[in-house]
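Good morning, and thank you for coming. Today I shall discuss how two copies of a chain can be arranged. Please look at the structure as I show it.

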There are 2 protein chains.
Amino acid sequence: MTLRVGVIGGGQLARMMIGPAVELGVELRVLAEAEDSSAALAATMVGDSTSAATVLAFAKDVDVITFDHEHVPQPVLEALLEVGVAVRPAPAALLHAQDKIVMRQRLTALGVPVPAWAAVSTAAELAVFLEANGGRGVVKTPRGGYDGKGVRVVSDPSEVADWFEAAAGSALLVEAFVPYQRELAQLIARRPSGEAALWPVVETEQRGGVCAIVTAPAPDSDGAVAAQAAEIARTIAEGLDVTGVLAVEMFQTTDGSLLVNELAMRPHNSGHWSMDGAITGQFEQHLRAVLDLPLGDPSPREPWSVMVNVLGGPSEGDYTDHYPELLAAYPDVKVHGYGKSLRPGRKVGHVTAVGSDLAQVADRARGAARILNSAALEG
Amino acid sequence: MTLRVGVIGGGQLARMMIGPAVELGVELRVLAEAEDSSAALAATMVGDSTSAATVLAFAKDVDVITFDHEHVPQPVLEALLEVGVAVRPAPAALLHAQDKIVMRQRLTALGVPVPAWAAVSTAAELAVFLEANGGRGVVKTPRGGYDGKGVRVVSDPSEVADWFEAAAGSALLVEAFVPYQRELAQLIARRPSGEAALWPVVETEQRGGVCAIVTAPAPDSDGAVAAQAAEIARTIAEGLDVTGVLAVEMFQTTDGSLLVNELAMRPHNSGHWSMDGAITGQFEQHLRAVLDLPLGDPSPREPWSVMVNVLGGPSEGDYTDHYPELLAAYPDVKVHGYGKSLRPGRKVGHVTAVGSDLAQVADRARGAARILNSAALEG
């Protein structure tokens with residue numbers, strides 16, 4: 001029987017699984033939100049992934065269910081388990097990518113370094129935390145945030161009065177404001193059997209809360225930093241029994257230590273470089289992992305890879321409009337488009353350059369992205 | 001507007017365009033022979049590519065029509081041109097890949113080295129040719145042959161009496177039997193604007209008339225051989241005004257010279273290595289070329305690439321059945337499956353290894369292919 005993977009969600013992550021699935025001879029089926037989703041080519045159903053009936057119908061005849069996003073409610077995931085569908089990552093693991101308070105509790109219990117944090121249900125509790133942590137904190141809604149949404153840096157509880165009201169008594173997460181020198185991400189893939197494979201730790205640069213540039217490996221990370229990042233990712237993957245790709249976003253603080261910021265249990269923007277820069281890219285690896293197949297070699301193909309996101313900007317037209325200029329100027333840069341309309345600020349594609357000279361590689365990737373969207377690298 | 005490429009034919013070549021099309025954000029539409037074709041994922045129509053009405057309906061709203069195979073009749077292609085559809089390669093070029101006598105005539109006129117040949121319509125004419133060429137020749141049906149079909153080595157006209165009868169007075173092609181040391185293939189991509197890009201010349205090894213192993217670049221080919229192969233491919237691509245990928249299959253004779261054997265005007269088995277072994281693989285390059293976009297860098301990523309085909313064998317089951325053993329043993333080998341049932345002798349997939357030590361690379365590729373099908377490397 002042909003191996004069949006069902007993906008819930010039709011965004012660019014599902015889209016980027018299509019190529020590797022075709023190459024491996026694995027059938028990919030996508031439950032998409034809309035007819036014109038980024039992964040429409042592989043969509044076998046369009047429907048609401050918060051409906052158990054829809055998801056159960058979609059999951060018939062697949063070997064495993066996995067995800068383009070983390071927004072499938074736990075009761076829906078539990079319903080899949082009840083009828084015997086393999087779900088990877090499992091709901092119990094995925095919960096830690098869905099609820100930031102649960103994640104903070106569990107990472108603290110595992111001894112993983114995290115910023116000082118508290119679950120606060122009232123302005124008074126938040127005020128206590130802020131006073132104890134230098135008068136400033138990062139407040140996050142426990143669920144539903146992404147790309148900078150659901151995150152506010154505050155110095156007074158009144159700045160999140162609306163969130164407290166919306167939370168109606170349930171807690172918000174507050175974390176100490178961490179003075180960091182840079183952000184890193186460690187991606188790991190793990191099979192149900194326990195086998196794991198790690199790409200090198202990468203440096204991520206954000207613009208307006210959105211990942212903009214990824215450098216792989218992170219410069220100056222071949223010693224203790226790389227070892228510590230890998231150890232943290234292994235501890236989390238094993239401790240939470242994660243299957244598939246896990247992305248651990250971290251701060252490297254001004255004193256050099258690492259603190260875990262966020263988790264994602266799926267291929268992640270910080271791993272897009274691996275499609276072109278590693279022997280096994282994150283989308284192929286995710287498919288192998290959730291199918292419990294042996295993992296591929298995650299080694300880089302070249303000393304350096306730099307990935308730059310392309311965001312929709314004020315210009316009209318199609319993503320490919322600038323291809324004549326772009327492809328002529330950068331014949332060795334790999335260009336990815338997500339098949340999306342160019343709504344301002346939306347991630348619509350990315351480019352990756354690889355090579356042995358980091359400065360040149362970064363220049364090529366930035367130059368290529370700039371042609372596609374001059375707004376993407378500002379701010 | 002999204003760029004749209006229509007591919008006539010739903011075999012593995014169309015299938016292998018899917019990944020690059022998804023990556024580039026180009027829409028691929030396939031006219032497939034059957035519901036369960038190898039490229040079914042991208043099929044927007046199932047129908048008969050020898051029917052002008054079918055092909056015209058399929059070609060609506062695409063920017064360009066290209067091909068998975070060379071079997072679309074000229075009148076159908078001309079009908080496309082008449083309604084203003086871009087066809088690449090154009091029918092006038094494609095004719096040379098459809099009719100071996102036309103090809104031999106044109107290559108001879110271009111001064112491209114080819115084996116001695118003749119168009120023969122009778123046993124008597126064939127006898128004259130054989131007597132003039134050492135008593136042995138290679139007879140080919142001008143149209144429809146592939147993978148060793150439609151080719152016979154003969155020393156007496158009676159050995160192709162059935163073909164003369166079937167030809168009903170039209171000519172067969174006969175070529176001198178060439179004592180060659182090895183077979184080479186030079187692939188080139190060319191845009192309508194004239195820009196061309198060449199991958200390194202490769203060595204191909206056949207088993208039973210079917211491509212079995214490709215080594216890129218061809219060993220001992222960095223000097224005059226590479227230059228001559230490139231010059232031949234450029235001469236043909238320009239002389240015939242080929243657009244898209246052109247594969248030129250050649251003999252390197254025992255005295256070292258090159259003679260052109262066959263042409264294919266589409267991505268070709270001898271170029272599969274480039275998917276994993278070159279910066280720009282042949283399927284991405286073909287899409288760029290037929291869309292008249294600037295071509296990508298065809299340089300190898302590693303000093304050596306070896307591709308081994310996997311053929312269906314006597315065993316039942318699915319292509320992926322041996323993945324647990326295969327992927328564990330060869331974590332760095334890239335594995336491709338074509339989504340086909342394992343009919344004996346059928347090309348059902350391939351594997352590619354890359355690296356800096358040719359012997360090791362070849363061992364890994366052969367070892368991986370052997371796990372998938374022990375029959376593939378015999379004979």
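What we have here is a predicted model. Let us begin with the symmetry. A rotation of 180°, with 0.0 Å of shift along its axis, superposes chain A on chain B, and the RMSD is 0.0 Å. This is the relation of a two-fold axis. Which residue of chain A has its C-alpha nearest the axis? That residue is A:G19, with its C-alpha 2.0 Å from the axis. For those new to the subject, two copies of a chain are related by a rotation about an axis and a shift along it.

I turn now to the contacts between the chains. On one side there are 35 residues of chain A, and they are in contact with 36 residues of chain B. Three elements of chain A each supply at least two residues of the side that touches chain B: α1 (12-24), α11 (323-329) and β16 (334-337). Among these, α1(A) gives the most, with six residues.

Finally, let us consider chain A by itself. Chain A is divided into domain 1 (4-87), domain 2 (116-176) and domain 3 (180-372). The C-alpha centres of domain 1 and domain 2 of chain A lie 33 Å apart.

Thank you for your attention.

Terms used. Residues numbered from 1 in each chain as written. Chains lettered and ligands numbered in written order. Predicted model: local features only at pLDDT ≥ 70, side-chain atom pairs only at ≥ 80, totals over all residues. Domains from an automatic or database assignment. Least-squares fit on C-alpha atoms with pLDDT ≥ 70 in both. Contact = placed C-beta atoms within 7 Å. Helix = DSSP H or I, 4+ residues; strand = E, 2+ residues; numbered from the N terminus.
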